[in-house]
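Colleague: I am new to this one, and I would like to learn how to read its side-chain contacts. Could you walk me through them?

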Amino acid sequence: MLRILAGLLLLASSLAAQTTLQFRPLAAGYSRQLDRIIMTAESPNSLHIYDPATDADVVVALAGSPLSLSVLPNGLSAAVGMNGQIVVVNLATAAVSATHPVTGIVSSLVATDSFVHFEVSNTVKSLSLSTGAVAAVANTIYASLVNAKLHSSGNWIYYPYSGYLGRIDISTGPATAYEQNYNSSGGNICGDLWRLEGGTQIVSGCGGVYSTTAAAATDRKYVTTLAGIYTIRDLVESTALGRVAALALGNNSYSNLPDFPRDNEILFYNGSTLEETGRVRLNDFVVNSVSHQAHGKWIFFDNSGNTLYAVMQADAQSGLLRDYAIQTFSLGNPAPCVPVLNPASAITVPWNGATGEVEVTAPGCLFGTASNGAWLQVIAGLQNGGSRKIRYHASANATSSARTATLTIGGVALTVTQDAAPSPLPASWRLSYPVVDAEKSESLDKSVLVSAGPNELHLFDTVTGADQTVALPRTPLSVGVRPDGLMAAVGYDGSVGLVDLQTMQPGQRWVVPIPVRDVVFAGNGYVYLFPRSGSWRVHSLDTATGTITEFQGGNDYAVRLQPGSPYIYSGY
């Protein structure tokens with residue numbers, strides 16, 4: 001025991017932002033009203049009202065083993081499911097306020113301020129908090145609430161089933177009806193669910209994002225998929241920072257892919273575009289100078305939205321008795337950070353541009369990355385943490401003079417010098433960006449390319465090497481050029497937008513419920529959108545009205561418009 005205590009003291013002293021818990025949590029939620037993490041535990045059976053800012057822990061004894069937990073929307077009470085009963089804990093007074101006997105094992109539940117909806121043997125029941133009675137309903141609700149989430153309006157509960165999203169109507173209080181809607185098809189629904197602030201969207205454990213609306217016909221429509229993360233363990237949003245944080249689950253089947261996130265990494269996304277903006281890595285547990293990897297379990301933003309808390313567990317091989325801890329990330333006002341860079345002070349890039357990486361060593365440290373040159377871009381550099389690689393892109397230098405810019409990473413300056421273009425230009429050269437899709441504007445006699453990392457549309461002159469660019473709001477999947485060659489349509493995952501090739505200015509953009517992996521821009525005012533998957537439908541967009549028409553297509557790919565005819569040809 002003395003050895004373990006010494007190890008824990010070392011952990012607390014070496015990782016200032018990491019606090020060891022004195023219990024092993026089974027489930028966790030957050031009370032925005034009290035700014036506390038609410039957790040349940042066994043041995044002894046208890047509910048913990050934990051203040052991560054001060055490490056103060058108020059414990060409420062429970063009469064039985066806690067099997068499920070749901071914090072009420074008001075943040076003042078929590079419902080705990082047990083074998084044969086549901087216990088309500090007043091979080092403000094730290095006392096059990098009610099115990100309600102029920103039939104069955106309550107292994108999952110979703111609480112509102114007036115009802116607790118729980119599942120027994122795949123059947124949903126509703127317990128009134130005011131009367132303690134289980135409501136009688138005309139129709140039996142068959143659904144699992146294991147990964148269900150309450151809509152912010154309090155009118156519906158969303159739940160995943162067989163690759164789709166279901167919805168339970170609780171608008172009158174108890175659960176009265178449920179809908180199994182096939183709008184949500186697409187194969188990226190699995191695991192848990194989380195709602196984004198305001199309840200306008202819901203995210204699945206496979207990264208799929210879907211709309212939430214009152215009308216069943218438009219509810220659960222596909223929006224997009226979070227890139228870079230294959231399975232999600234937990235997700236939370238800060239409207240104050242305009243950021244979504246996702247804790248990776250870690251899946252061994254993808255472990256050989258580049259930039260694969262493990263379950264000790266949190267990915268950040270732009271709250272509007274849902275594009276990745278950075279990553280942080282959880283600190284290891286350090287005991288007697290031996291490091292044990294942390295595995296993230298839950299993440300929460302505090303009430304201000306500026307501080308992120310991560311509940312994590314030490315690797316099972318550590319043998320620790322106290323193997324849970326909370327790490328704090330002050331995202332809104334991070335502490336000064338001085339990382340170590342490799343290369344340390346200078347980079348030289350070729351005239352035709354390049355995408356490169358800087359190795360950053362910054363354990364337990366948050367850092368941002370910025371560039372002072374328009375030709376030098378940082379990819380996903382808003383905020384990162386821990387030791388990782390930061391990607392940058394230098395566009396081609398078509399001038400006769402060398403140029404320099406500075407990358408600033410966590411306060412450390414890195415000079416980037418680019419060579420001048422040779423004269424004459426070579427007959428061919430390598431492009432500095434990865435081309436996602438390409439077409440030709442015959443009237444402008446230029447190639448129209450879209451690239452990812454950086455996300456841009458390029459109007460490229462193959463004769464002179466001149467490259468005009470337009471920044472794109474999201475990672476592009478496809479591009480189509482109108483027959484007159486003056487306008488392009490760019491397909492994204494969940495939207496399509498126009499770019500004027502004469503002015504090189506972005507135009508209107510529409511949300512569409514598919515990943516647009518191929519696009520045909522016809523001369524009749526329509527843009528035809530192809531997902532390249534039989535589980536989706538081909539969509540026709542009227543650019544004059546924004547009206548979208550669905551067509552049950554097949555596995556279409558290599559789509560091409562036949563010039564001068566009303567036909568589109570494709571492989572399948």
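Modeller: Gladly! R509 lies over the face of Y492, 5.4 Å from the ring centre; a charge sits over a ring if NZ of Lys or CZ of Arg is within 6 Å of the ring centre and within 35 degrees of the ring normal. Likewise, the charged end of R243 sits over the ring of F268, at 5.2 Å from its centre. This is a predicted model, where local features need pLDDT of at least 70, side-chain atom pairs count only at pLDDT 80 or more, and totals for chains, interfaces and linings use all residues. Residues are numbered from 1 along each chain as its sequence is written, and side-chain values use heavy atoms, leaving out hydrogens and water.

Colleague: How many disulfides does the structure hold?

Modeller: A disulfide is a covalent bond between the sulfur atoms of two cysteines. Here there are two, counted as cysteine sulfur atoms within 2.5 Å. C190 and C206 form a disulfide with sulfur atoms 1.8 Å apart. The torsion about their S-S bond is about 115°, so this disulfide is right-handed. Another joins C337 to C365, S to S 1.7 Å.

Colleague: Are C337 and C365 buried or exposed?

Modeller: Both C337 and C365 are buried, meaning under 20% relative accessible area, with exposed over 50% and partly exposed in between (1.4 Å probe, protein chains only). C190, at 26%, is partly exposed.
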